[in-house]
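User: Hi! I'm new to protein structures and would like to learn how to read one feature by feature. Could you walk me through an example?

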Amino acid sequence: MGKDTIADMLTSIRNADMNRKRVVRIPFTNISESIVKILLREGFIENVRKHQETHKSFLVLTLRYRRNRDEPKSNRKILNLKRISRPGLRIYSNYHRIPRILGGMGIVILSTSRGIMTDREARLERIGGECLCYIW
C-alpha cells in the first residue's frame with residue numbers, strides 16, 4: 001500500500017474483479033467510504049459493511065455477480081476503474097468541462113466543495129472540483 005489511498009482502493013477492487021473474487025477488503029478512510037457509497041448507489045457493487053479488527057477499520061465490499069464470469073480464460077474486464085487526479089498531478093474542472101464517460105453510461109467521481117459526488121450531481125448543482133476517478 002502506498003500513500004495514494006484512492007488508487008490503492010481502486011486497484012484492490014479492480015484486481016478482485018479480474019480474479020473473479022466476490023468479496024474485497026479495503027482500508028477505511030472517510031474518502032474511501034464516500035466513494036464506496038457512490039459505487040453502491042450507482043450499482044457497481046452489491047453490498048458494503050464496516051469491519052473492525054483490533055485498532056484498524058476496514059470496508060468489506062461485495063462485488064456484483066455478472067453472467068460472463070463463468071467463461072474460462074476471459075480476459076475482458078468487467079468493472080473499469082481509472083484514477084485521474086493523483087498526488088503528483090491534480091486535475092480540476094469546472095462544471096462545464098466535466099467529461100462524460102461513454103456518453104453518460106459511466107460516472108466521474110469528483111471532490112467538490114460540497115463533498116464527494118458524481119458528475120451528474122455536480123452538473124445539477126453547477127459546481128466543479130477535482131476529478132478523482134472514472135468508472136464504467
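Predicted model: local features only at pLDDT ≥ 70, side-chain atom pairs only at ≥ 80, totals over all residues.

User: Which backbone oxygen does the side chain of Thr112 reach?

Analyst: For a polar contact, look for a pair of N or O atoms within 3.5 Å. Here the Thr112 side chain comes to 2.6 Å from the backbone oxygen of Gly115. That side chain also reaches the backbone nitrogen of Arg114, at 3.2 Å.

User: Where in the chain is Thr112, and which residues does Thr112 touch beyond four places away in sequence?

Analyst: Thr112 belongs to strand 6, which covers residues 107–112. Leaving out residues up to four places away in sequence, Thr112 touches Met117, Ile127, Gly128 and Gly129.

User: Is Thr112 buried or exposed?

Analyst: A residue is called buried when its relative accessible area is under 20%. Thr112 has 12%, so Thr112 counts as buried. Compare that with Gly43, which is partly exposed because its relative accessibility is 21%. You will find Gly43 in the loop between helix 2 (30–42) and strand 2 (45–53).

User: How much of the chain counts as buried?

Analyst: The chain has 136 residues, and 42% of them count as buried.

User: How many salt bridges does the structure hold?

Analyst: To spot one, look for a side-chain nitrogen of Lys or Arg within 4 Å of a carboxyl oxygen of Asp or Glu. This structure holds 8 salt bridges. One of them joins the side chains of Arg83 and Asp4, at 2.9 Å from N to O. Arg83 sits in strand 4 and Asp4 in the segment before helix 1, so this pair ties together parts that are 79 residues apart in sequence. Arg83 counts as buried at 17% relative accessibility, and Asp4 counts as buried at 18%.

User: What does the salt bridge of Glu53 and Arg25 tie together?

Analyst: Their side chains meet at 2.9 Å, N to O. Glu53 is in strand 2 and Arg25 in strand 1, so the pair links parts that are 28 residues apart in sequence. Glu53 is partly exposed, with a relative accessible area of 34%, and Arg25 is partly exposed too, at 43%.

User: And how many helices and strands are there in the chain?

Analyst: There are 3 helices and 8 strands. Starting at the N terminus, their order is α-β-α-β-β-β-β-β-β-α-β.

Key
Residues numbered from 1 in each chain as written. Heavy atoms only, no water. Helix = DSSP H or I, 4+ residues; strand = E, 2+ residues; numbered from the N terminus. Buried < 20%, exposed > 50% of the residue type's maximum accessible area, 1.4 Å probe, protein only. Polar contact = N/O pair within 3.5 Å; in protein donor to acceptor, adjacent residues only side chain to side chain. Contact = heavy atoms within 4.5 Å.
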